[in-house]
Amino acid sequence: MVRKVIKLSVLMSVVLLTFSAAVMAASGEDEDKTSFIMHHIKDSHEWHFATLGHTHVTLSLPVIIYSADRGVEFYSSSAFVDPDTHHFGVEHNGYYIDEHDKLQAVDESRSFTDLSITKNVAMMLLILAVTFYLMLSASSYYKKHPNKAPKGIASFVEPIVIFVRDEIARPNIGPKYKKFTPYLLTLFFFIWIGNLLGLLPGAANLTGNIAVTITLAMITFFITNFNGNKDYWKHVVATPGVPLPLLLIIVPVEIIGLFTKPFALTVRLFVAITAGHIVILSFIGLIFVFESYAVGVASTLMVVFINVIELLVATIQAYVFTLFSAMYIGSAVAEHGHEH
């Protein structure tokens, strides 16, 4: 297993180095050779894969705009790209995409809603497609072979499902674990597959986008608090066994604690994934900054090593997010015993 992980990481590193070399070699100025890092980790209205000579391998994504006077408008992001510079900034039908990749109206007083399918949205749809394929394939196998040992995709999915159920949901939630296991499984597979696909060269940095991580964290927040029982809320608003004067301190702390939990979930996943991408791309960038064979060899070895670590981090972060979600839910639905 370890050998397979190392081989996969080496292969990913070679492809990543080749991909990044093509991107940076196409840059004419020194500052452009490092700007590709932010271009890789941020969202965009187009999906740029590589630059081969003067040819840009790019997937133009749909720009969808809603406004009260025009209704819903559909455009291709290529309509906003300058054919000479290959950068956004071209005005089209009263709109343009600025240098920060944000859709803007030429008339600043104009009100509209940007519903575009950006790179991260497209990546999310891809992750959902992969997740649905794995789950439906496994489900189909069990329906057709109810009394047989799992094979193929089912043999891959079953151990993970059992692990999440028996090692995360059951011990942390207790007797009511069955109600929340589907959510925890969805959470684990979505984050895990998103983390792994995000390591591929040219992939979008979905789980390193704070808007995505905060959404996942808020879902856990709402599930936790909507399912909180009487004992849970009593501990929050009137902690048993605490003298009345201390309640003036304890209750605000408990209420703040309700929001620090999703905040911790948000930041942990966002920082871990984004930092990993930046470190890998930074080591690759050093090769082109110093233009030295020694730096090239050292950076390549570091990229391979970090890629191995990132494969582990991808799994660990999915596990940790799911584990803490289960712990928060478990604390809300458990019957607390009071000690006086």
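Reader: In which loop is Asp-101 found?

Author: This is a predicted model, in which local features need pLDDT of at least 70, side-chain atom pairs count only at pLDDT 80 or more, and totals for chains, interfaces and linings use all residues. Residues are numbered from 1 along each chain as its sequence is written, and side-chain values use heavy atoms, with hydrogens and water left out. Strands are DSSP runs of E with at least two residues, and helices are runs of H or I with at least four, both numbered from the N terminus. Asp-101 is found in the loop between S5 and strand S6 (103-105).

Reader: Is Asp-101 buried or exposed?

Author: Asp-101 is not a glycine, yet its phi is positive, at about 65°. Buried means under 20% relative accessible area, exposed over 50%, and partly exposed in between (1.4 Å probe, protein chains only). Because its relative accessibility is 10%, Asp-101 counts as buried.

Reader: Why does Asn-93 count as partly exposed?

Author: Asn-93 is placed in the loop between strand S4 (71-76) and strand S5 (95-97). Its phi is near 55°, a positive value in a residue other than glycine. Asn-93 counts as partly exposed because its relative accessibility is 41%.

Reader: What distance does helix H4 reach from its first C-alpha to its last?

Author: The expected span of a helix is 1.5 Å times one less than its number of residues. Helix H4 (residues 153-173) has 21 residues, for which 30 Å is expected. The distance in the model is close to that value, at 28 Å.

Reader: On which residue is the kink in H4 centred?

Author: The bend at a residue is the angle between axes fitted to the seven residues ending there and the seven starting there. In H4 there is a kink of about 30°.

Reader: Which helices do the buried residues of H4 pack against?

Author: The buried residues of H4 include Val-157, Ile-160, Val-164 and Ile-168. An α-helix has 3.6 residues a turn, so residues three or four places apart point the same way. The buried residues of H4 pack against helix H3 (119-144), helix H5 (177-197) and helix H9 (293-333).

Reader: What percentage of the residues in the protein chain are buried?

Author: The protein chain has 9 helices and 7 strands. Of its 340 residues, the buried ones make up 41%.

Methods:
Contact = heavy atoms within 4.5 Å.
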